[in-house]
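Here is a short report for a first look at this structure. Keep the view open while reading.

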Amino acid sequence: MFKSVKTGLGLACAMVVLAGCSSTDTDDTAQQQMVEQTQEPVVEAPAQETAVPLDNVVYFDFDKSLLRSDTRDLLIQHADRLRGTGTSVRLEGHADELGTREYNLALGERRANAVRDFLVLQGVDAGTLEVISYGEERPAVPGSNESARAQNRRVVIVK
Amino acid sequence: MMNKLKILLSVISVNCVLVLSAQAQMVVEITRGNPDPTPIAVAPFSWSGGGILSEDVSDIISADLRRSGLFAPVPKEDMLSFPKSPDEVIFRDWRILGTEYVVTGRIEPQANGYLLTFDLTNVFGQSKMFTKQVSGGRDQLRDVAHRAADEVFEAITGIRGAFDTEMIYVRESASGGRPVYELMRADIDGARSRSIRRFSQPVMSPNWSPDGQEVAYVSFETGRPAIFRENLRTGARQQLTNFKGINSSPTWSPDGTKMAMVLSKDGNPEIYVLDLNTGRFTRMTRHFAIDTEPNWMPDGKSLVFTSDRGGKPQIYQLTLATGQVDRLTFDGDYNARSRVSPDGKTLVMVHRSRGVFTIATMDIRTGQMRLLTETTLDESPSIAPNGAMLMYATKRGDRGILAAVSLDAGVKYNLPSQRGDVREPAWSPYFD
């Protein structure tokens, strides 16, 4: 029994990683995926009921590291899946191009810390979470416009 | 006689072609000039060696003086004669053109290089101001030109020239669909750019050692940001930090024995000073806010840095002996990444006003702030060692380019853009 739960969770994590590769394209992917999740009844694969991929990006407001209320549900779902598994997770903090590079490195770290603290409050082992900031050095979307910037102010949950 | 002249002419015309092709690579675009620049003529120099010189030395000097914004060099085609020495300068000819100074020069071959003898003549005073010599190796003709330009500039303005300096900057380009990050090095006029090192992960915050022999920077090559120092001549390098969290903003102390930096191993970004002789780290700030972007005052006794301890990023000064912190900037809700002028009197920084990021200066004593640029995404100001100009990064469309502006805002120019996205210029110190 224990073993099968473990495999199920391992699979879920693998799916999260897969999602990480593909779902960072648009700002509203998070909402779309959450909608999909509630709409699709999990009947075809009862053994993998937790394996629906979660989006792995949370977005932030300009110059802010406070978690937006619309990201909390997603983070709670991540916490539910990570809790007690011992899975190592990298939280990669990013900033948009506005403002100075070194300050943005600090801002990216603050954002990743905010995600870490939230997950820890939800019972995830702090020792499994590594925070790293890339500041504005690795934008998800190039370009000097607000749409690109909104998608670059983010924390990516990896693994 | 006829034959000789022909050869000379063909030499001149070939020279022109060479110069044109060289300039096509790097056209400096002056976007704002001094309203009353001093007219000066750098007459084409003679060359007593064989073959053709790879660079037009007098042209490089003219370009240097023009870029300073303080001079209006006379175009070669407007000159009525090409004097090679002060006794060939016909004052009446130059007075007609309104030229105030004439530079003449002669280049001779030397063992493994060149010797330039050049003179500065004051047209209205009808007197020679100096005759000087500069020499350089076979591949140093541009350095010879920049050194001569420095001498002319200083003799007329009283300010030490900074044409014979370099810059290091970051270039991001793509190769096979993957980003390539490079530390680049170039002459301060943008010429002779070459790669110092290539990375597949981001590299940022290059900072020169005060002797101009080394560079410190932040590289993500280990999977997290780490500070490195690298010898520019030998390529030997050393990783200085590998702490959990941020390792960033390395800046060498004026005497070269210490390095200020930012580490977040304590939970949030704090300013540290690393003693490069003992390897000991000393924590300088204790605050839950972001403390970052340290820079040394020229006397080495205090640091200026960015902190959002007041709610928004502002510039603060930290006295090292006492640990006392004083806020320096009060205008605007975003002032960051400051650098101090060599005389310690002026701060330059990234300043946001009305949602736009520009470069501003502030008189440290009076607190008087002044905007130097009016584009929207200007950052990373780096001051010349003579304090006259600064280089910064800005955007043209979606691409990063480098630009320069004088600290009195009178002169502004864009450096020739090149392949990829360029940013974070660091102006070198003097090399002597």
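## Terms and model

Helices (H or I, at least four residues) and strands (E, at least two) are DSSP runs, numbered from the N terminus. One such strand is β21 of chain B, residues 314–319, and Thr319(B) lies in it.

The model is predicted. Its scores are ipTM 0.89 and pTM 0.86. For chain B, the mean pLDDT is 92. In that chain, 94% of residues reach 70 or more. Residues 1–25 of chain B stay under 50 in pLDDT. For that stretch, the model has 7 contacts beyond four places in sequence.

## Two domains in chain B

Chain B is divided into two parts: domain 1 covers 28–157, and domain 2 covers 166–427. Their C-alpha centres lie 34 Å apart. The two domains of chain B also touch: 13 residues of domain 1 are in contact with 13 residues of domain 2.

Which elements of chain B each supply at least two residues of the domain 1 side? They are β1 (29–32) and α2 (57–67). The largest share of that side comes from β1(B), with 4 residues. By residue type, the domain 1 side divides into 3 nonpolar, 5 polar and 5 charged.

## Where chain A meets chain B

The two chains are in contact through 19 residues of chain A and 26 residues of chain B. On the chain A side, α4 (101–121) and β3 (129–135) each supply at least two residues. The largest share, 6 residues, comes from α4(A).

Return to strand β21 of chain B, where Thr319(B) lies.

Which residues are in contact with Thr319(B), leaving aside its neighbours within four places in sequence? They are Lys301(B), Ser302(B) and Gln324(B).

Gly137(B) gives another reference point. Thr319(B) and Gly137(B) are 182 residues apart in sequence. In space, they are 45 Å apart, C-alpha to C-alpha.

Technical notes: Residues are numbered from 1 along each chain as its sequence is written. Chains are lettered from A and ligands numbered from 1 in the order in which they are written. This is a predicted model: local features need pLDDT of at least 70, side-chain atom pairs count only at pLDDT 80 or more; totals for chains, interfaces and linings use all residues. Domain bounds come from an automatic or database domain assignment. Ala, Val, Leu, Ile, Met, Phe, Trp, Tyr, Cys and Pro count as nonpolar, Asp, Glu, Lys and Arg as charged, and the others, Gly among them, as polar. pLDDT is the predictor's confidence in each residue, from 0 to 100.
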